[in-house]
Amino acid sequence: MKNNKNTLSVKTVVAIGIGTAIIFILKRWVSIPSGIPNTNIDTSYGFLGFFSLLFGPVAGFVSGFLGHALTDFTAYGSPWWTWVFTTGLVGGVIGLFWKRLDVSEGDFGVRKIVTYNIVQILTNVAGWALVAPTLDILVYSEPANKVYLQGLVSAISNSVSAGVIGTILLVAYAATRTKKGSLKKE
């Protein structure tokens with residue numbers, strides 16, 4: 001059987017299924033209302049950052065996209081596609097750094113923590129304060145002042161969630177991995 005590099009690995013497909021389920025559960029039942037309409041302080045972005053660094057951009061994008069879409073379907077009856085896309089985008093962009101910050105090596109020290117947090121903050125701010133509100137205006141003709149306020153609140157809360165929860169999960173996971181070169185032959 002020929003190995004086709006354009007197909008997803010079994011590991012990635014399984015990761016997408018598990019990631020989608022966890023993101024759905026966290027978005028649906030473990031989020032805190034922010035006081036701004038249709039905007040929550042969402043714990044799922046901490047998991048999305050963690051998950052994207054473990055499995056890469058495809059798993060990050062697809063699980064974020066599907067998890068958010070399922071949440072909107074079950075909570076509101078239909079997805080708000082601009083925000084669903086932005087969740088996928090955030091997961092995908094953070095996932096682009098999975099090989100550079102290789103957590104599976106068992107090393108997630110200060111330098112990698114800082115790099116991860118710079119990446120996730122820039123990604124969350126660009127996604128939530130710029131992309132999502134702009135798409136809301138273009139696609140849904142939403143009022144600019146409303147969607148940019150929602151976007152700003154989401155950018156801040158999702159950055160905090162990804163920073164605190166994501167960093168804790170990444171450090172804890174790295175601590176369970178054997179550091180490269182740490183085993184010696186006796």
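**View 1. Salt bridge between Glu 142 and Lys 146.** In this predicted model, the side chains of Glu 142 and Lys 146 form a salt bridge, with an N to O distance of 2.6 Å. Glu 142 has 16% relative accessibility, so this residue counts as buried. Lys 146 has 35% and is therefore partly exposed. The cut-off for buried is under 20% relative accessible area.

**View 2. Salt bridge between Glu 105 and Lys 112.** The two side chains meet at 3.6 Å, N to O. Glu 105 is partly exposed, because its relative accessibility is 30%. Lys 112 is at 12%, so the lysine counts as buried.

**View 3. Salt bridge between Asp 107 and Lys 112.** Here the N to O distance is 3.8 Å. The pair still qualifies, because the limit is within 4 Å. Asp 107 has 35% relative accessibility and counts as partly exposed.

**View 4. Network of Glu 105, Asp 107 and Lys 112.** Salt bridges link these three residues in a network. Lys 112 pairs with Glu 105 at 3.6 Å. Lys 112 also pairs with Asp 107, at 3.8 Å. Glu 105 is partly exposed, and so is Asp 107.

**View 5. Overview of the salt bridges.** The count comes to 4 salt bridges in the predicted model. Among them are the pair Glu 142 and Lys 146, the pair Glu 105 and Lys 112, and the pair Asp 107 and Lys 112.

Notes:
Residues numbered from 1 in each chain as written. Predicted model: local features only at pLDDT ≥ 70, side-chain atom pairs only at ≥ 80, totals over all residues. Heavy atoms only, no water. Buried < 20%, exposed > 50% of the residue type's maximum accessible area, 1.4 Å probe, protein only.
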